Amino acid sequence: MNDSSSAHRSYTLAVILGAYALYLGLMTILRAAFWWLNAPAEIRGMSPARWLKVLVEGWRFDLVPFTYGMGITLILLLLYAFSGRPFFRRAAFWWTWFWTALLLAVYVADTVFYRHFSTHADSRIFFWVKDPRAVAGMIFQSPSMWVTFIPIGIFLYVLYRLLRRIFQNRKGLPFPRRRPVQAAVGIPLLAVMFFTAKGRIIGHALSADQAFTDEHFFVNDFKINPFFILRSSMGQMKQNWELDLMDNDEALRIVRKEFGIDTMKYNSPVARDYTYGGDSINPNIVLIFLERKAAWKMAYFGNRDSLTPVLDSLFLRGLAFDHFYSSGTVTYEGIFGTLYGYPILFSEHPLYGTEVNNDQRIHASTGKVKTYYGLPQVLAEWGYLTAYFCPHSPAFDNMGVFLPQNGF
C-alpha cells in the first residue's frame, strides 16, 4: 500500500509540475516572438539581466489564468486516484490540453492585435463578433494570415504530443482508496495553486495595474498577460459608470478662447468661419483613411525612403493640417471620430448604436442607428455629392448600414 501511495503521489506531482513546465516553456517562446515583432528599437538592446527579470515578472501574470484551469485538472486527477477509473485521467488530459491551447491561442491573437494597433486586445474585439462572416472573410482572404495558421497548428500538435507524454502512467500500480492519503496529496497542492492563482501570498489578488512599474511603456505591456486586459475591460463594460467630465461651460470657455471665437454665429458654440484662399469653384475634397500608416512614414515629416510619394505631393500642394488628430485606434473609432468629431466612449460601438431611451440599445439588425451631424452633412449642404468607397465588405463594423444614414 505504501509503495502504491508513493507511486501515485509522484504521478500526480509529475503531471501537475510537468504541465506547468510545458506551459511556461511554450509561453516563453511566444513572449520572445511578441518581443521580436513589437519591441521598439530603443529597447531592443536591453541587457540580458533586465530582460530575464522582466520575463520572470511576466511569468507571474501567465501563471494566474493557467492555475485557474489547473485546479480542475488536479481535482480530476484526485478522482482518478480515488476511483482508479481511466475516465478521470482522460478527462484531466483533454481539459488541460484545451485550457492550455486556449491561453496560448489568446496570446498569439493578442500579439497580432498589438502589432496592428500598438495596444493589447480588450473587450472591443467582441464588437466584431456581431458580424463574424465579414471578419472571417477578411482574415481568410489575407495570405499573411494563412502563413500564421501553419505554425499555430504545429504548435498545438506539439502541445498535444508533449502533454500525452506527461499524462502517461507508466507504473500502472493500483491506487490507494484511503481518503486521508488522497487528502495528503491534494490539500497541499490546492493550497499552493490557490496562492498561485491569486498571484501573491499577502494582499489582494494580482491585477493589471501592477505590471506598470517600468519607465518604458512597452516593457510594461510586455509583462502583462492579455487575460488581465480582457478581464478588466469586460468588467468595465458591465458597469453602469459615468464619466467624470469637467463642467460644460468651463470646457466651452477654454475651447472658444483657444480658437479665438468671440461671437457665436451658428448653432454650434465652437463653429467659426474659415475662408479658402483658392479658386472660387468648390474644390474636390477626398478623405483617405489609412490604417497603420503613421505620419512619420511620410516625407513631409522627415522620412527619406519615399514610401508615400503621391500623398507627399498632395500634402505639399494642398491645405495641410499637421496637428489634426482622430480619436481611437480601431477602424470604427477612426471613421466616427474623423467624420463627426465626437469622442469615443469606452464599451460603445457608435456605428452599431448607442445607449438611448433608458439603456435600450439600437442594433444594426433593425436597420436603425443613431444619426449624427458632421462633415458629410455639411458638404452635402454646400452642394457636394458625398460618397464612401470601401475596399472590403461594407458589412464590416456595420458601415453599410451606418454611413448611408449619416450623410453618405
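I looked up Gln377 and found it buried, because its relative accessibility is 15% (buried means under 20% relative accessible area, exposed over 50%, partly exposed in between, with a 1.4 Å probe and protein chains only). This is a predicted model, in which local features need pLDDT of at least 70, side-chain atom pairs count only at pLDDT 80 or more, and totals for chains, interfaces and linings use all residues. Residues are numbered from 1 along each chain as its sequence is written, and side-chain values use heavy atoms, with hydrogens and water left out.

Gln377 sits in helix H12 (residues 375-381); helices are DSSP runs of H or I, at least four residues, numbered from the N terminus. I then listed its contacts (heavy atoms within 4.5 Å). Beyond neighbours within four places in sequence, Gln377 touches Tyr340, Tyr372, Asn406 and Gly407.

Next I checked helix H2. Its 36 residues (48-83) should span 52 Å, and the end C-alpha atoms lie 48 Å apart, which agrees; the expected span is 1.5 Å times one less than the number of residues. I found a bend of about 35 degrees at Thr67 in H2 (the angle between axes fitted to the seven residues ending there and the seven starting there). Gly84 follows H2 and has a positive phi, near 75 degrees.

How do the axes of H2 and helix H3 (residues 86-117) cross? They cross at roughly 170 degrees and come within 8 Å; axes are lines fitted to C-alpha atoms over the stretch in contact, with angles from 0 to 180 degrees between N-to-C directions. H2 and H3 are therefore roughly antiparallel (over 145 degrees). Among the residues in this contact are Phe66 and Tyr80 of H2 and Trp95 and Trp99 of H3.

Note on methods:
Helix = DSSP H or I, 4+ residues; strand = E, 2+ residues; numbered from the N terminus. Parallel < 35°, antiparallel > 145°, perpendicular 65-115°, else oblique.
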